[in-house]
Amino acid sequence: MGSSGINAEYMGSSGINAEYMGSFSKTGKAEEFLASIGLGDELDRIQKKVSRPGKGKMRNRRFKQKRGPLIIYDSDENIVRAFRNLKGVDLCQVGRLNLLQLAPGGHLGRLCIWTQAAFEKLNSIYGDGDSFSKEKKGYRLPRSLMTNSDLTRIINSDEIQSVLNPAKPHTKLGIRKKKNPLTNLDEMRRLNPYRNQQIRNEILGKRKRTSKTDKNVRKAQKARIFKEISA
């Protein structure tokens, strides 16, 4: 907080007193309060509103507004009424926090101003690392299952290496060369196991046709010889 130039005069150990923020009845008072804690330059930065390039102007988003601090409260107490007219300043009840408000556009590190009551209510809403939430049934904050995240050190430790199987020699499998099944009989037999039977049927059919042709030739020869003798 100190390196950012923010004055912690009105801040307690957990945040700002909601009653103090609720005492502002005018927007000007709220603006003076933000300037007093070192957010004057931030307010000047978020006042700029520029026109959006492209066709987004025709889709109900003509202007681009910079995001400023997010004020998180538990009970309203006129906080919304005092801060709602400040450009870029958003307000949210602690029970309705969402990621779009905490990290708009996916950019982490938004400045959040907490009231003390809202900050103290976080444990009852989300629970701490050991206990469950009091307001969400069965909810507990995600916890790491590993106490030591140094995987390289764990894998290479003597306890792990002593129970592992020895490394096997790496044999590189050769790449099978593609062959043309129309010109390679072994490849055709691999793709079509019925190819042997097809070849056999073709050979038998050819023999049958050949034998029938030979029989007709012999019959014609006998007829010609008989005709010559008879003449």
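Predicted model: local features only at pLDDT ≥ 70, side-chain atom pairs only at ≥ 80, totals over all residues.
K121 sits in the loop between α6 (116-120) and α7 (122-126), while D74 sits in the loop between β3 (70-73) and α4 (79-83), so the pair ties together parts that are 47 residues apart in sequence. D74, at 23% relative accessibility, also counts as partly exposed.

**Other salt bridges**

- A search of the whole structure finds seven salt bridges, and one of them joins R176 to E187, whose closest N and O atoms are 2.8 Å apart.
- R176 counts as exposed because its relative accessibility is 51%, whereas E187, at 6%, counts as buried.
- Within helix α10, R189 and D186 are three residues apart, which means that about one helical turn separates them, and their side chains meet in a salt bridge of 3.8 Å, N to O.
- R189 is partly exposed at 36% relative accessibility, while D186 is exposed at 54%.
- Salt bridges that share partners also join R67, D90 and R110 into one network.

**The negative patch and helix α2**

- E31, E32, D41 and D44 form a negative surface patch, to which α2 (27-36) and α3 (40-46) each give two or more residues.
- D44, which lies in helix α3, is exposed, with a relative accessible area of 53%.
- In α2, the residues A30, F33 and L34 are buried, and they lie on the same side of the helix because they cover an arc of only 95° around its axis.
- After α2 comes G38, whose phi is positive, near 95°.

Technical notes: Residues numbered from 1 in each chain as written. Heavy atoms only, no water. Patch = residues over 30% accessible without salt bridge, like charges linked within 9 Å, V, L, I, M, F, W, Y side chains within 5 Å. Areas by Shrake-Rupley, 256 points an atom, 1.4 Å probe, with all protein chains shown as cover. Salt bridge = Lys/Arg side-chain N within 4 Å of Asp/Glu carboxyl O. Lys, Arg positive; Asp, Glu negative; His and termini not counted. Charge placed at Lys NZ, Arg CZ, Asp CG, Glu CD. Helix = DSSP H or I, 4+ residues; strand = E, 2+ residues; numbered from the N terminus. Buried < 20%, exposed > 50% of the residue type's maximum accessible area, 1.4 Å probe, protein only. Arc of directions from axis to C-beta.
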